[in-house]
Amino acid sequence: MTTRYEYNDDDGVIGMTGHVPVKLLEGPFAGVTVEFGTIGFHEEGDIGIKCNFKFNVIDCPDRFTKEGLTENNTEFVNVLGDVLLDVLTKEIEEVGDDFLR
């Protein structure tokens, strides 16, 4: 199940890439706001397709540090990956065939 999230564009906060940040609303990382950067997909043997992505933590509750919310935090990266795939799936469904153009 994908962690609930919302686009955090109501404060006029735009991050490093100019993309609208995403705020996690539930789960162990509730309250953390990130923006996604470069996203890539590649085949990885028998595993299938792997998604790699860059992200920037824009804001986080006091119980976290930005230094602790990096690509080295596997649980955090997995949550972000689920959110990113949900965002991409919804975008593809919304724009249909135009997504790949």
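Predicted model: local features only at pLDDT ≥ 70, side-chain atom pairs only at ≥ 80, totals over all residues.
Residues are numbered from 1 along each chain as its sequence is written, and side-chain values use heavy atoms, with hydrogens and water left out.

The side chains of E26 and R4 meet at 3.4 Å, N to O. R4 sits in the segment before β1 and E26 in the loop between β2 and β3, so this pair ties together parts that are 22 residues apart in sequence. Helices and strands here are DSSP runs numbered from the N terminus: H or I with at least four residues for helices, E with at least two for strands.

What order do the strands take? It's β1-β2-β3-β4, 4 strands in an open sheet with antiparallel pairing; two strands pair if DSSP finds at least two bridges between them. β1 (5–7) and β4 (48–59) are the edges, each with a single partner strand, so one side of each has no neighbour in the sheet. On average, neighbouring strands are turned by 40 degrees against each other, direction ignored. β1 and β2 (residues 22–24) are joined by 3 bridges, and Y5 has L24 as its bridge partner in β2.

Then there's helix α1, residues 74–95, lying across β1, β2, β3 (33–44) and β4, at about 105 degrees to β4. Axes are lines fitted to C-alpha atoms, for helices over the stretch in contact, and angles run from 0 to 180 degrees between N-to-C directions; contact means heavy atoms within 4.5 Å. The buried residues of α1 include F76, L80, V83, D86 and V87, and what covers the buried set includes all four strands, β1, β2, β3 and β4.

That brings us to salt bridge two. D86 pairs with K90, closest N and O atoms 3.1 Å apart. Both lie in α1, 4 residues apart, about one turn of the helix. An α-helix has 3.6 residues a turn, so residues three or four places apart point the same way. K90 is partly exposed, at 46% relative accessible area, whereas D86 is on the buried list.

Definitions and conventions
Buried < 20%, exposed > 50% of the residue type's maximum accessible area, 1.4 Å probe, protein only. Salt bridge = Lys/Arg side-chain N within 4 Å of Asp/Glu carboxyl O.
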